[in-house]
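Dear colleague,

Here is the structure for your files. Notes on the ligand site follow it.

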Amino acid sequence: MGSRSPFDALVDAYDAARPTYPDRLFADLERLAGRPVAGADVVEVGAGTGIATRRLLDLGARVVPVDLGAAMLTRLRERTPGIPAVLGDAEALPLRSGVADLVCFAQAWHWVRVPVAAAEVARVLRPGGSLAVWWNDVDAEDERWWRRQQERLEAMSPGYRREYRTRPYAEELRWTGHFAEVLTLGGRWRRRLDIDTYLTWLRSKSYVAAIGDRQEDFLDAERRSMLRTFPDGIVEEPFRTLLVVARRP
Ligand SMILES: C[S@@+](CC[C@H](N)C(=O)[O-])C[C@H]1O[C@@H](n2cnc3c(N)ncnc32)[C@H](O)[C@@H]1O
């Protein structure tokens with residue numbers, strides 16, 4: 001049977017080049033959720049290879065990672081032996097009701113149907129518990145290299161539109177009626193990485209994989225474009241984080 005996750009085929013690139021999340025995001029999460037991560041029972045859905053899982057564990061949470069992708073979870077288990085990772089779907093969580101203080105989706109909430117997944121999250125949360133969803137988005141709309149890249153993606157990757165990053169996630173959660181309070185915070189940060197790691201990061205994206213036979217043409221064009229902007233081969237990549245926390249009554 002084929003994988004249910006488009007990321008299973010990308011696991012090596014994912015693991016090698018995806019960015020982690022800044023410390024401030026976890027401090028903001030604690031502030032908006034009104035409780036420390038330390039000691040919390042956390043269900044982390046769409047956990048992938050465990051980039052956010054490891055941060056939550058380091059902060060002292062008990063974490064149950066869930067993902068649709070068997071290969072992603074295999075890598076997560078290799079990195080964190082003994083963790084109780086579960087193969088499962090956000091829209092039908094294989095968990096009992098009322099077991100979690102926090103349910104987290106790091107870079108994963110845009111993959112679910114919101115009304116279905118929100119109902120599942122509300123079922124799994126304890127009263128007063130919170131759903132936290134967050135993203136790292138490249139914050140380079142003013143940069144020519146970014147606009148060129150987005151134009152190439154929109155031309156080459158079927159269905160890709162840069163606007164997917166600007167969905168009204170907080171409003172969508174309010175509209176579900178499952179949450180008493182929905183709060184949001186953002187932050188900015190940067191990372192520096194060499195051009196080869198940058199291209200691996202592009203390869204880890206499902207919409208770059210979706211280019212298919214012309215993926216190498218896309219990556220060659222990206223290499224040329226990035227080296228024009230960053231001639232020493234060190235890319236400076238600006239990010240903004242978006243965090244939305246929704247509290248269950
Ligand atoms: C962009 S990756 C994010 C991985 C990880 N959270 C991180 O921060 O790097 C999205 C993950 O969501 C998973 N995913 C997508 N739809 C899902 C669903 N309906 N239920 C569970 N996991 C899902 C994918 O398999 C993938 O591992």
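**Annotated domain and ligand site**

An unreviewed UniProt entry carries the annotation "domain: Methyltransferase type" over residues 43-132; such annotations may be inferred rather than shown by experiment. The model is predicted: local features need pLDDT of at least 70 and side-chain atom pairs pLDDT 80 or more, while totals for chains, interfaces and linings use all residues. Residues are numbered from 1 along each chain as its sequence is written, and side-chain values use heavy atoms, without hydrogens and water.

Around the ligand there are 21 residues (a heavy atom within 4 Å), of which S5, Y14, Y21, G46 and D67 come nearest. The shell consists of 11 nonpolar, six polar and four charged residues, with Gly counted as polar and Tyr as nonpolar.

Polar contacts are pairs of N or O atoms within 3.5 Å. The D67 side chain has an N or O atom 2.6 Å from a ligand oxygen. For the D89 side chain, the distance to a ligand nitrogen is 3.0 Å. A backbone N or O atom of A90 is 2.9 Å from a nitrogen atom of the ligand. Of the ligand's own 600 Å² of accessible area, the protein covers 97% (Shrake-Rupley, 1.4 Å probe).

Regards

Notes. Polar contact = N/O pair within 3.5 Å; in protein donor to acceptor, adjacent residues only side chain to side chain.
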